[in-house]
Amino acid sequence: MLSSLNDWLWQEHIWLPPNNSWAQLEDRDGLVFAHPRDLLASLPVALALVAVRVMFERFVGLPVSRWLGVRDRGRRQVKPHATLERHFLAAGPRPEEPQLALLAAQCGLTLRQTQRWFRIRRNQDRPCLTKKFCEASWRFFFYLCSFVGGTWVLYHESWLWAPVMCWENYPEQALQPALYWWYLLELGFYISLVMTLPFDIKRKDFKEQVLHHLVTILLIVFSYSANLLRIGSLVLLLHDSSDYLLEACKMFNYTRFRLACDVLFVVFSLVFFYTRLVLFPTQILYTTYYESIINRGPFFGYYFFNLLLGLLQLLHVFWSCLILRMLYSFTKKGWMEKDIRSDVEESDSSEGEPAAGHPQLTNGAAPRPRPAPEDAEGPRSRAAGRLANGHAAAT
């Protein structure tokens, strides 16, 4: 049965253009071609990258974060409560108000006390700035090395400057050792990202990130197996060109170097829009949709590969909308406030969102409240002063 499944999976008409066979891609006369079995080496590479990441974050990312002045904000610890903790873990961290009222009655607490318990408990689970910085530093290091390495591998190749050359003599295109190792590292890296998803910081675009990783892994595996390495290498290089800028922007976003963060964000936005919304559709999608079948007919791999590239472009549009929202906030306020994909730590003085008049800064610290006017008198003025200093009236 496994043999029949293997024969069906590797049918030539699925992976290769019409009138081509796997026999044409057998190594011969000193020429080496891509073989799907080569990608099995990506699994130990992924495990090795996970180990390297742990070491990098501990011995490089953490000291650099301290050197740049990244400090974790002190958080209140919630009072242990078995009933509320059970509900928090089983039913979720954000119960509806009827459920909150029921829990308050069961525990002998007021509704406000129950709401405050869940707020503090949610804040306890939010990742600290140091962890965010270390994650960003590892990705910055890899993406930068990958972009530099990919540029070095492709700089003298004709298809980097003229994508139509990706289809010259296709599929009989010999595999270059440098391109193989770069491809293997990229695949191993994205597999390692999927492996560490349960331990990484979950942002609001978590589902889109998972979809992006899976689509990227499929693209790398399929392009290698179908010997589409030339166009696949262009897709990888185009993405790496802006990814390291994003991670650098995140790193400075967690520090006090506001100007560096703002400048990097503007540069990243320009590079992202140009590479993902201009170059990708006009160069990559155009050549894969039209130029790839000029001298050969379409086949299953043609449709499947273009479907994956289309999904990737939809994700580009989604993230472009998020970046535009951040750019609008940037131009309106004059500084980068926060990553809109990140959860904001909730204030103890609010029912849900941070207290009005106390905007959450990028590093999670609230601005120092202004003191109440000294000449304020009377109960109404004193109450206003307490509210201005971030204290809620007792219930």
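1. Of the 395 residues in the protein chain, 45% are buried. The model is a predicted one. The chain exposes about 21,600 Å², and carbon and sulfur atoms supply 64% of that area.

2. The secondary structure consists of 14 helices and 0 strands. Read from the N terminus, the order of elements is therefore α-α-α-α-α-α-α-α-α-α-α-α-α-α. Among contacts in the protein chain with a separation of 6 or more, 78% join residues 24 or more positions apart.

3. Helix 4 covers residues 82–90 and helix 5 covers residues 97–107. Their axes come within 10 Å and cross at roughly 155°. Because angles over 145 degrees count as roughly antiparallel, helix 4 is roughly antiparallel to helix 5.

4. Which residues form the contact of helix 4 with helix 5? On the helix 4 side they are T83, L84 and H87; on the helix 5 side they are Q99, L103, Q106 and C107. By class, the residues of this contact divide into 3 nonpolar and 4 polar, with no charged residue.

5. L109 is in the loop between helix 5 and helix 6, the latter spanning 111–125. Is L109 buried, partly exposed or exposed? Its relative accessibility is 30%, so L109 counts as partly exposed; the buried class would require a value under 20%.

6. Leaving aside residues up to four places away in sequence, L109 touches H81, L84, A104 and T114.

Conventions. Residues are numbered from 1 along each chain as its sequence is written. This is a predicted model: local features need pLDDT of at least 70, side-chain atom pairs count only at pLDDT 80 or more; totals for chains, interfaces and linings use all residues. Side-chain values use heavy atoms; hydrogens and water are left out. Axes are lines fitted to C-alpha atoms, for helices over the stretch in contact, and angles run from 0 to 180 degrees between N-to-C directions. Helices (H or I, at least four residues) and strands (E, at least two) are DSSP runs, numbered from the N terminus. Angles under 35 degrees count as roughly parallel, over 145 as roughly antiparallel, 65 to 115 as roughly perpendicular and the rest as oblique. Contact means heavy atoms within 4.5 Å. Ala, Val, Leu, Ile, Met, Phe, Trp, Tyr, Cys and Pro count as nonpolar, Asp, Glu, Lys and Arg as charged, and the others, Gly among them, as polar. Buried means under 20% relative accessible area, exposed over 50%, partly exposed in between (1.4 Å probe, protein chains only). Accessible areas come from the Shrake-Rupley method with a 1.4 Å probe; for residues, only the protein chains shown count as cover.
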